[in-house]
Amino acid sequence: MNVGVGGALKRLLTVDDTILNDDFSLTSDDDDQEAAKYGDEPNVESVNFTTAENKMDTAKKPVSMRAFLRRAEREYEEAVEKAHAGQQDHIELDLDDMKRRLSRFFHLPQNKDIVIREFVVGVEGRAPWRGMVVYVDGLVDKNVINWAILEPLMVWSHLADDPKRVLTYVVDHLVPGHQTQLIEKWSEAVFNILAGSTVVFLDRCDAALVVESKGWEHRSVSTPKMENVVRGSQDAFTENFRTNTGLVRMRLRSEHLVTEIHAVGNLAKTDVAIMYIHGLTNPKLVKEVRRRISDIDVDYVLDAGMLEQFIEDRPSMIIPQVLVTERPDRVAAMLAEGYVAIFVGHSPVAIIVPVVLWSLMHTSEDTNLRIIPGTFIRAIRWVALLTALLLPGLYIAVTNYHSEMLPTDLMLAIAGSREQVPFPVVVEVLLMEFAIELIREAGIRIPSVIGPTIGIVGALIIGQSAVQAGIVSPLLVIVVATTALASFTVPSYELSMAIRILRFAFLIAGAVLGFYGIAILFVVYIVRLSMLKSFGVPFLSPVAPISGAARDVLVRGPIWGMNNRPAFLNTLRSWRQNPMTRPWSATTRREAGEGDGNA
Amino acid sequence: MSQSGKRNAKVPAAEMTAMLIIFVATNAFLTYPRYISFSAYEAAWMEPIFSGALTLVLFYLVEWIMRKYFQNLDIVEIAKEVFGRFGAIFIALVFALYFLCSTAAVMREFTENVVSTVLPSTPLLLVGAVFMFAVGYIAYAGIEGICRTAFIFLPILLVGLVGVCLMTVNWWRPYLLLPLWGTGPVRVFMGAMQYSSIFANVLLLTIIFPHVNNPKKMRRIGAVSIIVSTLLLVFLVLSYHMVFPAAETGKTSFALYRLARMIHMGPFFQRLESIFIFLWVTAATVRMAVTMWGSAYLLAKAFSWPTYRPAVPAIVLLSFSLGMWPQNWMDVIEFDGTYLLKWGWIVVFAVPVAVLLSGWIKRSRQRHRRVRHV
């Protein structure tokens with residue numbers, strides 16, 4: 001106790017600033033001696049990616065923006081080049097040399113993910129023939145390695161003479177892997193190892209064997225999370241690149257369906273697939289997609305959401321200029337129209353380009369419904385979009401500026417409901433909108449175990465307490481709730497987000513200038529949209545500029561009558577079906593002018 | 001999009017038609033009904049018909065000359081060929097000044113209308129500045145953007161205009177249209193000639209001719225746009241005169257607003273004038289964007305600027321300042337009625353036709369000379 005009191009007194013009277021010293025602070029490692037101290041060998045590949053502009057150099061001279069960009073580009077390219085410096089692109093003849101290079105390149109033994117398994121190929125009475133398999137633990141199916149590579153080579157093979165000690169013989173006779181490839185470049189070996197294949201190196205061979213052994217854990221194909229439908233297929237893309245492309249190909253069984261695969265990223269490669277129908281999709285569109293993707297010069301692309309911002313025409317716009325879908329049936333249908341689909345790594349969504357505004361409001365269910373119900377739900381969606389965008393702004397405008405247009409009874413009801421509210425309408429609306437946005441965001445982030453809480457809290461705060469406390473009027477609760485409901489009916493999540501944000505702009509316009517402000521903003525935004533393009537296609541096509549095949553825009557066109565593909569895509573084959581799609585029908589034949597319609 | 005020499009913006013026929021219809025029909029929201037009512041009384045509805053017919057004839061004449069002799073040329077390029085560079089600059093300046101004054105006058109009239117009807121407590125400068133920003137933005141987007149916007153909003157405008165007229169049906173008294181010839185055929189015809197400048201189709205044709213996607217459709221564009229806008233104006237004026245007596249109609253500046261105020265279709269559908277703000281704003285912004293774009297485009301052409309766009313902000317400021325110059329609204333209406341509407345036909349019809357006829361004569365002579373040499 002005495003020690004305790006003494007210690008406390010001592011601390012009180014002693015100036016000790018060690019309290020200010022952190023255990024660790026992250027600084028530049030230019031003068032770091034720790035690595036040498038702990039015995040890490042410096043790697044030839046280790047590169048400092050820190051470019052000059054990132055260093056805290058205060059003695060900088062001002063430079064022009066062009067010079068700055070040029071310098072940044074040069075420094076970045078130098079860093080990337082340096083990262084690949086010293087790499088010889090051939091495969092070592094000697095297995096020990098190969099192993100040394102692998103260890104150095106993959107930072108072994110610190111890096112525990114990379115597995116090198118050495119073995120000896122079964123040989124009768126001669127000098128042993130050594131080999132090794134290299135793979136990434138966690139990415140491969142170990143059964144394939146055990147039963148399709150190691151067992152045949154180690155147990156079942158009985159090579160007798162030298163001429164058979166060549167890789168082609170191993171591929172043809174010994175390794176029963178379902179998909180194999182002989183490679184001669186070191187970079188290909190690295191790429192395949194990191195992609196989940198197993199690479200077999202054999203002593204005295206200047207090539208390597210790639211055996212497809214991908215087998216990582218992933219979610220199985222399940223129901224859509226964002227694009228639910230009542231009529232239509234119930235499967236969605238998953239976190240597996242090949243499963244996703246397979247889901248589309250399963251539906252669109254055409255020999256002309258092409259899947260090009262490109263790799264994007266300097267630090268780590270991400271597979272990007274471009275899918276289109278050869279002989280149908282406009283080759284200029286495919287070329288443009290290819291160009292935009294291959295021109296991406298970044299270290300790493302994680303997901304489709306990142307890639308789309310690199311390839312969009314105007315990524316700073318709120319409105320999306322690509323269509324993102326998780327539904328394979330939608331991708332298949334749009335490919336058959338002449339669009340291009342892009343898959344990014346293991347992202348569970350596909351990007352479709354180009355896109356027009358109207359497509360963002362369509363769902364795959366529309367075509368499965370009969371024409372009148374299809375048109376009806378589309379009309380509901382359009383009304384909902386306008387409601388989500390304009391209703392709070394219109395409410396403010398009417399109550400503040402145009403109350404004369406309301407019938408007297410309704411006006412009195414509104415005035416009565418607002419009697420107890422101390423705030424102006426715009427503050428009231430902003431408060432409620434903020435609360436709704438909080439609930440939306442919290443609903444996504446909240447752990448699923450306590451998920452139901454959000455409903456109770458939200459309903460209590462917004463529905464009851466706020467009104468009882470006289471913070472907001474009951475009518476406004478209806479307005480905000482209707483707006484929120486309407487915004488949920490927009491099928492595209494990206495468009496829905498855009499509407500959420502734009503709503504605030506219209507709200508402010510309505511608060512400042514009433515209908516006049518809303519109308520002006522609306523016109524300006526329509527003009528902006530009319531000048532926007534998505535991969536060379538005007539965003540408001542086929543309405544403005546007007547072009548053919550406009551029967552399936554605002555309303556659901558008749559399936560049997562929409563004979564042409566959208567003209568704005570300029571496809572190589574404009575007809576998608578025979579003009580007489582129902583030749584068995586006497587009515588159709590009569591309408592087509594073929595006799596009296598009798599068979 | 002730009003006329004920088006890389007390519008001319010190309011506009012499909014439907015969008016061009018929509019733009020021309022809105023350009024003319026917007027006059028229904030402005031002072032045109034007042035002036036024709038004053039000039040013809042009960043026969044005011046005939047004036048748009050005569051003006052439209054005259055415009056149609058001139059439009060066909062101008063279109064024929066341009067198609068035959070001046071393919072892919074606009075009025076400034078033709079003037080350059082006929083009168084030389086300085087002559088072309090003079091002609092372009094006249095047109096640009098007309099467009100500038102027209103933009104300024106419409107801006108002031110429109111903002112005064114807005115302030116006096118729906119935003120009585122809002123400063124005129126704020127209303128005007130917001131409006132001019134929107135107009136400048138649309139003009140900056142170019143003729144493609146303007147025409148696309150016009151095409152999108154045309155159905156709303158048509159439904160709205162016809163709707164306003166039809167919803168006043170319970171106030172219609174057809175006998176107010178009698179006597180049929182109003183102030184007499186001569187005054188009606190003279191009024192039609194005087195106020196025909198609202199049909200700026202002929203002048204616009206000489207500017208936008210190189211921008212039409214398919215010049216062969218130009219005749220159809222002209223016919224449809226003139227006929228539809230004439231019908232709209234006639235319908236509006238007829239409804240207006242069936243609701244209000246002729247002597248009263250010549251004294252009010254905002255016919256459509258007065259009509260909208262009269263709507264009473266049961267206790268719920270009444271006093272819908274606020275909703276028509278959307279119509280007025282969309283129509284007026286498109287119309288003014290056309291005149292502003294025309295002004296910037298002509299200046300750029302006259303002085304061989306690589307693009308018209310940098311001129312747009314300057315013209316926005318200039319027309320805003322000009323519009324705000326007069327002390328009050330009545331001065332603007334006076335100026336508009338005395339100069340722009342009354343004498344506008346000289347700029348809108350006479351000058352373009354004169355330039356084209358001169359060009360036609362010059363080209364014909366050159367052709368004859370060449371034939372003689374051969």
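Helices here are DSSP runs of H or I of at least four residues, strands are E runs of at least two, and both are numbered from the N terminus. This is a predicted model, where local features need pLDDT of at least 70 and side-chain atom pairs pLDDT 80 or more, while totals for chains, interfaces and linings use all residues. Residues are numbered from 1 along each chain as its sequence is written, chains are lettered from A and ligands numbered from 1 in written order, and side-chain values use heavy atoms, without hydrogens or water.

From α3(B), pick Met46(B), Glu47(B), Phe50(B), Ser51(B) and Leu54(B); from α6(B), pick Arg187(B), Val188(B), Phe189(B), Gly191(B), Ala192(B) and Met193(B).

Next, colour chain B by pLDDT, the predictor's confidence in each residue from 0 to 100. Its mean is 86, with 96% of residues at 70 or more. Strand β2 (residues 269-270) of chain B is lowest, at a mean of 68, and helix α12 (residues 311-324) of chain B highest, at 93. Then select residues 1-6 of chain B: pLDDT is below 50 there, yet the stretch has 23 contacts in the model beyond near neighbours in sequence.

Last stop, chain A: select domain 1 (95-211), domain 2 (241-355) and domain 3 (370-538), with bounds from an automatic or database assignment. Over C-alpha atoms, the centres of domain 1 and domain 2 of chain A are 34 Å apart.

Note on methods
Contact = heavy atoms within 4.5 Å.
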